[in-house]
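This report describes selected local features of one model.

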Amino acid sequence: MDLLNTLVDKGLRRETPTRAEALAVLATTDDELLDVVAAAGKVRRHWFGRRVKLNYLVNLKSGLCPEDCSYCSQRLGSKADILKYTWLKPDEASRAAAAGLAGGAKRVCLVASGRGPTDRDVDRVSDTIKAIKEQNEDVEVCACLGLLSDGQAERLREAGADAYNHNLNTSESTYGEITTTHTYADRVDTVRKAHAAGLSACSGLIAGMGETDEDLVDVVFSLRELDPDSVPVNFLIPFEGTPLAKEWNLTPQRCLRILAMVRFVCPDVEVRIAGGREVHLRTMQPLALHLANSIFLGDYLTSEGQAGKADLEMIADAGFEVEGAGEVTLPEHRTGGGCGSHEGSRCGSHEGGGVCGTVPASAPAASASADEPRPDLVAVRRRGAGTDLAPNA
Ligand code: SF4
């Protein structure tokens with residue numbers, strides 16, 4: 001396929017595909033799917049070999065958010081029966097993080113619900129970062145606290161944060177249909193603040209919210225322009241009790257095409273499969289490792305993921321290896337420190353609803369077809385941070 005040869009060549013040169021080429025990837029047929037995966041897999045291996053980076057989520061504060069992001073189980077008015085708790089203490093967060101690190105994670109993502117942190121919240125998170133780093137010198141810490149005010153990114157950086165996550169989630173033109181309490185521009189502004197403060201920017205998307213192919217391509221091209229180091233790709237978990245509960249729009253094949261498109265547009269960037277992996281990729285998860293070089297280990301913010309042990313077995317069985325603490329994730333040309341100046345060569349997780357993942361609550365129905373809703377696969381998190389039960393890692 002000429003399209004795929006062209007996209008591989010461009011990916012190896014870090015050249016931006018055209019919008020038409022990105023749209024064509026999303027329009028490929030099921031007969032062409034393995035060729036698409038193989039092509040994007042070449043680009044993935046060129047820049048990241050067979051390494052898989054493991055990230056571990058610690059939900060510092062759950063639920064009770066005043067914002068109205070439609071995809072999010074923690075939103076204002078959410079009827080989802082999730083865990084609700086206020087700020088974990090630094091030693092509680094540090095214990096949760098330690099479980100993930102012992103399981104093989106090299107990055108800990110500290111996430112809190114809410115529009116954005118107060119200065120007092122930044123102090124709390126700073127204390128938490130220090131507590132984690134005292135115990136684990138090599139750990140990467142990413143904060144995900146919502147919209148940042150002036151100076152807060154710098155304070156997090158000084159406290160030892162390595163990265164900041166804030167997702168664009170969807171295209172600028174449809175953002176207002178998803179959230180009304182803040183704007184797309186607010187989100188872009190926070191990613192820029194993180195970048196400017198020398199934090200590694202992490203910003204991604206949520207697929208499956210009823211968006212068009214054009215919306216998906218728009219948001220991925222916007223991400224490339226923003227130049228984050230990591231791009232989490234969430235697949236919407238349609239939580240009962242949220243406005244998007246009936247939006248079951250994804251099949252495993254569609255998820256693979258989306259990941260391939262993101263890889264072609266952001267070839268040398270850490271592409272992470274985030275929330276919804278178990279719900280939407282299901283038995284196709286190992287194939288997605290040929291496209292993404294990063295996943296979350298264990299549970300998500302408000303829902304349960306497959307067992308951490310199953311994540312590790314999947315990686316080994318598929319012929320990949322967990323990236324060690326001493327290995328650098330990004331290609332050398334991206335590690336010289338906050339670049340952002342070279343044209344379009346980069347493209348880089350707040351809860352993004354998507355990071356709220358899943359685990360089979362019961363055995364899957366034997367007759368399930370690829371495009372059937374699978375609410376049976378969505379299980380609210382009842383263990384780990386904010387509970388007395390051991391975390392999944
Ligand atoms: S995504 Fe973040 S800001 Fe939006 S409702 Fe959920 S917790 Fe609140």
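## Two residues with positive phi

Arg-282 sits in the loop that joins α11 (277-281) to α12 (285-288); helices (H or I, at least four residues) and strands (E, at least two) are DSSP runs numbered from the N terminus. Its phi is positive, about 50 degrees, although Arg-282 is not a glycine. Most residues other than glycine have a negative phi. Arg-282 counts as partly exposed because it has 17 C-beta neighbours inside 10 Å. A residue is buried with 20 or more other C-beta atoms within 10 Å of its own, exposed with 12 or fewer, and partly exposed in between, the C-beta atoms being placed from the backbone.

Asn-169 also has a positive phi, near 75 degrees, and is likewise a residue other than glycine. Its place is the loop between β4 (163-165) and α7 (175-178). Asn-169 has 27 C-beta neighbours inside 10 Å and so counts as buried.

## Basis of the model

The model is predicted: local features need pLDDT of at least 70, side-chain atom pairs count only at pLDDT 80 or more, and totals for chains, interfaces and linings use all residues. Residues are numbered from 1 along each chain as its sequence is written.

## Annotated binding site

An unreviewed UniProt entry places the feature "binding site" at Cys-109, Cys-142, Cys-202 and Arg-272. UniProt positions follow the numbering used here, feature names are shortened, and annotations may be inferred rather than shown by experiment. The four positions span 164 residues in sequence, but no two of their C-alpha atoms are more than 13.8 Å apart, so they gather at one spot.

Cys-202 lies in strand β5 (residues 200-202) and counts as buried because it has 29 C-beta neighbours inside 10 Å. Arg-272 belongs to strand β8 (residues 270-273); with 28 C-beta neighbours inside 10 Å, Arg-272 also counts as buried. Beyond four places in sequence, the contacts of Arg-272 include Asn-55, Ser-230, Pro-232, Ala-292 and Ile-295, a contact being two C-beta atoms, placed from the backbone, within 7 Å.

## Nonpolar core

A nonpolar core is a set of buried Ala, Val, Leu, Ile, Met, Phe, Trp, Tyr and Cys residues joined through C-beta atoms within 7 Å. The largest one here has 108 residues, and those touching the most other members are Tyr-56, Val-58, Val-108, Leu-110, Tyr-164, Val-220 and Leu-259. Helix α10 (residues 252-265) supplies the largest share of this core, nine residues.

Not counting residues up to four places away in sequence, Val-108 touches Tyr-56, Val-58, Ala-97, Gly-100, Leu-101, Ile-132, Val-139 and Val-141.
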